[in-house]
Amino acid sequence: MEHAKHVVKNLKFTAVSELTLAVLKFLSRRVFVLLLGKEYLGINGLFTDILSMLSLAELGFGVSITYSLYQPVAKGDEELIKSLMALYGRFYRAVGMVVLAAGLCLLPFLDFFVKEMPEHIPHISLIYILNVANVSVSYFCSYKSTLLFVCQKKYVDSLIRAAAGLLATAAQIGVLLLTGNYLCYLCIAILSTILQNGAVSAAADNLYPYLKRGKEKGRGQIQPVPANILADIRRNVSAMILHRVGSVAVFGTDNVLISKFVGIGITGLYSNYIMIRNFLNVITNTVFNAITPAMGNLNVTGTVEEKRRTFSRLNFFAAWLFGWMSICLLWLYDPFITLWLGEGFLLPRPVVALIVANFYLNSMRVPVANTKSIMGLFWDERYKSVLEAFMNLAVSVALARRWGISGILLGTFISTASLPFWIEPLGLYRHGLKEPVRRYFSRYFCYLSVTAAAGAITGLLCSLAQGSVFGFFLKLFFCTVIPNSIYLAVYGRMEEFRFMKSLVHCRNNGE
């Protein structure tokens, strides 16, 4: 239960701060929409996706270093940790400069990404440059958060980022209300990024003072990374480059394609739905980031049977959590946005259904992806990501010409279901868990069937509620009680559920 204690501690210190920050961000978005409008939202979403493509410069180096850190952290090898972090720092500083240069090189081609650039928005080039600056500075000093993550002290990083985010969001709301100046809004974001990374770096140096010893006595004190570990990093990075290409092409191009083939206004509407989805991703990432380091330690010290059992429990937890979240999104998306921003910010129901389908399909990849990451299983599927990228862009563009935003989202769903849906678990079970993958798929479709049935029943009850504030909370009640009651009835006797229940019981009893 020692690992479980670390998981609970990380969750306890981050949950309240993340939720508080989310409330402020939703308030900030409402002020943003009222004062600046849909087009500014669209520009913001478009530039975010364009710059996410520049994250390819990172080459998957962070994931490779994270994997390499698990063993020295488990063994307390301070010299190797120091060497790896020094290498990590040099690489990320170089990435920051590359992102800055590449981002500025794209400046003359902004019109290519937009079907019709809004003429009433001034200083679009400067807005883009400030976004580039914010992304590039995010790479300086941020690498030390990886050590906090591997050492199961993610809560330190989360609390610092939440505190800085609270101050920045409050300041941005104040600037918009007083001046309505979007450029000042962006400058606050840059300042917040710099302060966050500096504080995280200082916290890591304070917790692990050996990181600074080599710097105080000269760089010669830091030993080079051993040749065998460096060779593993290079091999993993060469595989992760292709994974990064696929990830960016699938998850970082929707806003670009929508603005190109549909329009910047629809991009703004879509960004509101994605903001809600990203909030859920923050919550779930907090949970899974708390669990992953403990799994990394288990991967170094545990047996194959323990790894199988741990993955089965993790996958069960994900199926329950993401199934419930998907049902909530499907029936609460539109009522919430109506109360939050107004009916003029709604997308058609088929589009909403595709957003939810993509959310569920990609969220259910998280247990597989996290487990493969801590096992270092990057190499064998390196070409899958490139094929996925080409398929996603080709199908999305073809369908966009016919069905607009629905076609783009359908293209994303098709590319994900055609390749990573079955290739990723196959690689995990074949090379990591060393058992037939049919167990995974039989469980997957069982979970999916239960979620579909729970969603249908919930939808029938939600249709009885009226479109008012009371009606929204009634739907929220149905979405909370009905799916979880069905899950409890179906899964209550499973070993995975009993394990989750035992964790809660131990926590309540202070064990």
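**Figure 1. A nonpolar patch on the surface of the predicted model.** In this predicted model, four leucines, Leu34, Leu35, Leu177 and Leu178, form a nonpolar patch on the surface. Together they have about 470 Å² of accessible area. Two elements each give two or more residues to the nonpolar patch: α1 (2–36) and α7 (154–178). Let us pick out one of the four leucines. Leucine 177 has its place in helix α7. Is leucine 177 buried or exposed? Its relative accessibility is 57%, so leucine 177 counts as exposed.

Figure 2. Leucine 167 counts as exposed because its relative accessibility is 65%. Now look for leucine 24, which is 143 residues from leucine 167 along the chain. How far apart are the C-alpha atoms of leucine 167 and leucine 24? They are separated by 9.9 Å. Threonine 169 is also found in helix α7. With a relative accessible area of 5%, threonine 169 is buried. Which residues is threonine 169 in contact with, leaving aside its neighbours within four places in sequence? They are Leu21, Leu24, Lys25 and Ser28.

Figure 3. Find the side chains of aspartate 157 and arginine 161, which form a salt bridge. The closest N and O atoms of this pair are 2.7 Å apart. Along helix α7, aspartate 157 and arginine 161 are 4 residues apart, so about one helical turn separates them. For arginine 161 the value is 23%, so arginine 161 counts as partly exposed.

Figure 4. A search of the whole structure finds 9 salt bridges, and here is another pair to look at. Lysine 82 forms a salt bridge with glutamate 79, and their closest N and O atoms are 3.6 Å apart. Which helix holds both lysine 82 and glutamate 79? Both lie in helix α4, which covers residues 78–105. They are 3 residues apart, about one turn of the helix. Lysine 82 counts as buried, because its relative accessibility is 5%. Glutamate 79, at 38% relative accessibility, counts as partly exposed.

Figure 5. Helix α13 covers residues 304–340. Glutamate 305 and arginine 308 both lie in this helix, 3 residues apart, which is about one turn. Their side chains meet in a salt bridge, with 3.5 Å from N to O. Glutamate 305 is partly exposed at 44% relative accessibility, and arginine 308 is partly exposed too, with a relative accessible area of 24%. Back in α13, where does the helix bend? The bend, of about 55°, is at leucine 332. A proline, proline 335, follows within four residues. Just after α13 comes glycine 342, which takes a positive phi of about 120°.

**Figure 6. Aspartate 254, a buried residue with no salt bridge.** Aspartate 254 lies in helix α11, made of residues 254–261. Although buried, aspartate 254 has no salt bridge. Which side chain of opposite charge is nearest to aspartate 254? That side chain belongs to arginine 277, which is 5.6 Å away. A salt bridge needs a side-chain nitrogen within 4 Å of a carboxyl oxygen. Not counting residues up to four places away in sequence, aspartate 254 touches Asp49, Tyr270, Ile408, Leu409 and Thr412.

**Figure 7. The protein chain as a whole, for placing the close-ups.** How many helices and strands are in the protein chain? There are 21 helices and 0 strands. Of the 511 residues in the protein chain, 54% are buried. Among contacts between residues at least 6 apart in sequence, 83% join residues at least 24 apart. The protein chain exposes about 22700 Å², and carbon and sulfur atoms supply 65% of this area.

Technical notes. Residues are numbered from 1 along each chain as its sequence is written. This is a predicted model: local features need pLDDT of at least 70, side-chain atom pairs count only at pLDDT 80 or more; totals for chains, interfaces and linings use all residues. Side-chain values use heavy atoms; hydrogens and water are left out. Buried means under 20% relative accessible area, exposed over 50%, partly exposed in between (1.4 Å probe, protein chains only). Lys and Arg count as positive and Asp and Glu as negative; His and the chain ends are not counted. Contact means heavy atoms within 4.5 Å. Patches are made of residues with over 30% relative accessible area and no salt bridge: like charges are joined within 9 Å, nonpolar side chains (Val, Leu, Ile, Met, Phe, Trp, Tyr) within 5 Å. Accessible areas come from the Shrake-Rupley method with a 1.4 Å probe; for residues, only the protein chains shown count as cover. The bend at a residue is the angle between axes fitted to the seven residues ending there and the seven starting there.
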